[in-house]
Structure formats: structure tokens, C-alpha cells
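Have it open while you read.

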Amino acid sequence: MKPIDKRAAPKAKPGSLVKALLYARVSSKEQEKEGFSIPAQCKLLREYALQRQFGIVEEYVDVETAKNTGRTNFGEMVKYLRKHPGVRVILVEKTDRLYRNLKDWVTLDELDVEIHLAKEGVVLSRDSRSSEKFMHGIKVLMAKNYIDNLSEEARKGQMEKAEQGIWPSKAPLGYLNVTAKDGKKVIEPDPVVASVITKLFERYATGQYSLKALTKAAHCDGLIHPKSGNPVPVSTVHTILRNRLYTGLFQWNGRLHHGKHEPLVSIDLWERVQGVLAGRHATPIHSYGYEFAFSGLMTCAECGCAVVAEVKKGKYIYYHCTGHADKGRGGYADCRRKYVREEVLDKTFAGLLDQLHFDEEVLEWVRDALKASHADERREQEQAIERCQTQYKRLEDRLNAMYLDKLDGRIDNAFYNRMSAQWRVEQARLLREIERHGEAQESYMDDGIQLLELARNASQMFTHQAPNEKKRLLNLVLSNCEWNRGEVRTVFRQPFDLLAETAASAVAAQARGDVSLTRHPIWLGFLEAFRTFWVTPQPELLALVKDVGAHVFALGQA
């Protein structure tokens, strides 16, 4: 609100002047430049008050949009009128300065006030003629239609920008609103904050950070609100991690658009972060500040509760069931009293990973076989790409048909927007699958061989890793871990289950006296199953292979 000079306003004196309120408003800076300035309105109304013997007891000014009814000083004026029944006159320049929506009209009508529209030369009160009230009502509706039309045109403009791949609103943290060479308002990476946003996603994708810990790390990197300078709260960090805009894609009005702005993170990284947020790859961080290798990895086989870690005497780590299940399920009290040392679990998991080990001779043969099968794999990749392209075209045909149904009135806009958004997200996924298959044609052999080397050396790696890396490795290799009275029961994820089963069969065959296992049918069966699985490997599995590949090679050479 702008400061008002009240020296020109006549003071109300008992028995001499009728008490009145002055109200002035501009809805934007543009209107203020066009002659609707607050000083001009106030000058007009003060002169009007002098001419008609009104004493202005209070002045209220709003400089904001009137689309919503929550105008600060308009509300204060209404409160004043309710508290002072002796003041029933409002002085205002004209209709659209007082209210521009129906609720404000109804509110003042219920207060039974006398409204003086100085520029229009109209006085409205209970005693006004019906024709005057009718014309006033039309002006109110016209004012509302004006603001509705402005809003509609603004939405059209925003939708048009979105269709062109331009983010049509305020830039989120990490981007800046700028004017491009063609004069269009676009967003571009903030040179100060963009790298912090990228690091935010990279850290959280590891599964080693809680949102609170991630926010603290971001504060250390300098992530603050640009206007206030205050550190961003946890809720803002969560919103950033959920925002697809950082991948170059964004949703507007229920539709997915491919933005022209520079992405700060890859789509694969964003999807991994969504997996961590959903709890699929998260690594719980203990409240004591210790880094526990197996906390949150297992559940109790008796009651289904989580198995957590606890430090005894400042250095010994024990694991036990939380015992938070309903008492009626049984085993509730006993579960919490059963402890196991971390060293015991460490040996148990190392033994499980040792089931993936196989001879160097077998690895060499599998490497050669994968190279020889590259032509077959290429055909499979091409077939997979063709399937994705067929699915993409089918969705495109559905979208076109549904659009015609919307035009013909067979479906409403809400249904069209909802379904088209879902199908466009699926189309985007198919495009990424096509891209992955194309890249897999080049990296198929290298990634597959690195995965086998990772599995072969998993047990040796496990014993040399930090607690958080141990948990990450186990989360990728094992599934459905249960703790049952000191024993661990689990299953291997694909394709490690195939490898463990094949390695066990190979050991049994060797015990029976089979000398040459390199080209044994056991390994031939594994190779075929592995090739089928590796056509479309999981993104998180590929990420793990790339992250630890160098470490695997180092261990192999040690």
C-alpha cells in the first residue's frame, strides 16, 4: 500500500460533516501508468468530499489484482463498516475501482451502505431507483467479464507457450526468467544455482540421504531463496525432486510437453530419484548418526517388522526386530529380545554373494560367446525398437481419435486431458526405451561383461566396502530379505538368480567328475537366459554396473 497524504482530506466534525470512507485501487503497475494512479483517485475523491460536505474518517488503498476477493484493505474497510454502524458512506472513483467480482458486490449490499461513484456521477443506496440498481448491476457484471476475459486470454497465452515448448510461468529454482533474442520470455539455467540442483538429484539418487540430510547438504552448497536469501526448507527440496521440468519435460494443463530449455538432470536420473522417494531404493539413515550396513534391509520372519541396528557400549553393533506388530499376532515380545551381531550378518551376506562366484575360464568363454552373439542381439534390439515404435503409433492414433471425440462432444475436456496426459507420458517412456535400445546396441557387450564381473567379484567387493556401499550392493543383488532367529532368508534378483543357480549346478557337476565345464550345457543355458534378460536391463542395474565397474577391475588386478 502506498503512503497517503491526508492533509487535504476534510476532518469529520460532530454535527457538521457526514462521515465517509475513501477507497482507491489499482490492479496492476500497468494501470497505474495509464492514469489510474492512487494519488489521482484520492485527489478526485477529496475534492468530491469537500463539495458535498463529507468528512473522510479513513482512507483505504489497494494496489493488487482484484481477481480474488482477498484484497487486504478492502477487507479492512468491510471490518470497519461492521464495527462502526454510524459510517455508511463510501467514496470511490467508479464501479470497477470498488469491486470486480460478484462476492464483493453482495458483501457491500448486505452492509446497506451508500456508494458514491464520483466519476460516474451516481449515488447508490437502498432508496435508489430500480433502474439505477439495474444499470449498476450490469456494470458489475461487465467488470467481472473484463477480468474473466483477461484471465482467459492469459491462460490461452500460457497454453500457446507450452505448446511451443516454452515454460509459461515463473522459473523454478535453478532457472532464470530471461528474454530470448526473438523477444520471447524463456527460462535458462541459473549459473549460480543450476549445478546445486543437479548435485541435489545425484545425491538423493544414491539412496543414502534422507530429505532432511539432503536439505542440510544443499544449504552448505548455497541453495537459498533468491529473493529472501533464506535457506530453502525440506518441503521445497521435496518439490524440486518431484519436478519433471528439470529433465526438459514439463506438464501444463494436464499435458506433457517437451521443453526447449536446457535440462539440468537426465530422465534416467530423475526416474531413479522418484524410485528413492517411493521407497524402492531408499537407504534408511539411523537417527543416532551411525552408518549401519544392514538397517532397514531385512524384515522379521515372525512378525513382519523391520530389523534395525543398535549400538551397545559405544562400539558393538547389534540388530534386532523393532517389534512394532500388533500384540495379537504372536511373537511380539520374543522378537525384540533376539539380537544378532553385525559381524555375523556380515559373514552371512558375504557367503550369499559368494554363490555368484565362478571361474575365470568360464568368464572368458562367456565374454567370447557374448561377442559372437552380438549380431543376434542386434536383431533383438531392432525388434524391440520396432515393438516400441508400434506401441507409440497406436497411442498416437488413440490420441487423434480421442481428440475428434472431444470435438464431437462424445467426451468432456476433463476426460480428454486426463487420458491424453497419461498416454503422452507413456509415449515419452517408449521414446526413452527406443533410445536405450539404440544405445544398447553399442554398449550391450561391455555392460553385460561388467555385470558378470561385478557378480563374480561381489563377495570380495563386499568385504572391502563402506557400510552404505554394502547396503547398496545388497539392495541390487538380493530381494525379500528376512531374518529368522539369526538366519537370513533371501532370494537373488534377476539375473543374479540365474547366475547363482548355474554356478551351484556347475559345482555339483564338477563334484561328479565333469572336467570341462567351459562349454558345459549348464553354462550354455545360462548364456541364453542372460542374453534374453539383458536385452532390456533395468536402469538402476546399469547405473550400478557403471558406478562400480572400475572398482571391480581394480579388485581383479589386486
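1. Ground rules. This is a predicted model, so local features need pLDDT of at least 70 and side-chain atom pairs count only at pLDDT 80 or more, while totals for chains, interfaces and linings use all residues. Residues are numbered from 1 along each chain as its sequence is written, and side-chain values use heavy atoms, with hydrogens and water left out.

2. Take a look at D112. Its phi is positive, about 55°, although D112 is not a glycine. D112 sits in the loop between α5 (102–110) and β4 (114–117); helices (H or I, at least four residues) and strands (E, at least two) are DSSP runs, numbered from the N terminus. With 35% relative accessibility, D112 is partly exposed, where buried means under 20% relative accessible area, exposed over 50%, and partly exposed in between (1.4 Å probe, protein chains only).

3. N480 is another one to check. This non-glycine residue has a positive phi near 55°, but N480 belongs to strand β14 (residues 478–484). N480 counts as exposed, at 62% relative accessibility.

4. Last, V61. This residue is part of strand β2 (residues 54–63) and is buried, with 1% relative accessibility. V61 and L22 are 39 residues apart in sequence, and their C-alpha atoms are 8.3 Å apart in space.
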